[in-house]
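Please keep the structure open while reading.

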Amino acid sequence: MTPAKKTEAGYRLYGEDAVRRLDFIKQAQHCGFTLVEIAQLLALRHQASARCGDVRKIAVGKKRQLQARIRMMKTMSKALDHLIADCSVASHPVDKCPILSALDHADDVR
């Protein structure tokens, strides 16, 4: 974004369109969109041939990506639950730590 003008002190001043665009970008990031995906959404807004279905397709794809990440994170959380449960004796020396041992043997964590 290029500033509309600068003050004598060197501050950049932006117009309402730039502020709206920045708000759009921040909201899209909050919904999980990457900057590349946001650029695609913004480009669609200015394409005469673009339709709402084009935007929906990008949103559906993002939703699927997020759902896959959530599933993966839940699996990771369960694996950590098991590791934490296995490490019930806080006084064990580090070389006997079940968490470190399991992480050394990746098949034990899954």
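Which residues form a nonpolar patch on the surface? In this predicted model, the patch is made up of Met-1, Tyr-14, Val-19 and Leu-22. Together these residues have about 380 Å² of accessible area. Tyr-14 sits in the loop between strand S2 (12-13) and helix H1 (16-30). Its relative accessible area is 39%, and Tyr-14 is therefore partly exposed.

Helix H3 covers residues 52-86, 35 residues in total. From its first C-alpha to its last, H3 reaches 51 Å, close to the 51 Å expected at 1.5 Å a residue. Buried positions in H3 are Ile-58, Lys-62, Ala-79 and Leu-83. An α-helix has 3.6 residues a turn, so residues three or four places apart point the same way.

How many disulfides does the structure hold? The count is zero. Cys-52 is in no disulfide, and the nearest cysteine sulfur, that of Cys-31, is 15 Å away. Cys-87 is in no disulfide either, and here the nearest cysteine sulfur belongs to Cys-97, 4.2 Å away.

| Residue | Relative accessibility | Class |
|---|---|---|
| Cys-52 | 65% | exposed |
| Cys-87 | 27% | partly exposed |

Cys-52 counts as exposed because its relative accessibility of 65% is over 50%. Cys-87, at 27%, counts as partly exposed.

Terms used: Residues numbered from 1 in each chain as written. Predicted model: local features only at pLDDT ≥ 70, side-chain atom pairs only at ≥ 80, totals over all residues. Heavy atoms only, no water. Helix = DSSP H or I, 4+ residues; strand = E, 2+ residues; numbered from the N terminus. Expected span 1.5 Å × (residues − 1). Buried < 20%, exposed > 50% of the residue type's maximum accessible area, 1.4 Å probe, protein only. Patch = residues over 30% accessible without salt bridge, like charges linked within 9 Å, V, L, I, M, F, W, Y side chains within 5 Å. Areas by Shrake-Rupley, 256 points an atom, 1.4 Å probe, with all protein chains shown as cover. Salt bridge = Lys/Arg side-chain N within 4 Å of Asp/Glu carboxyl O. Disulfide = S-S within 2.5 Å.
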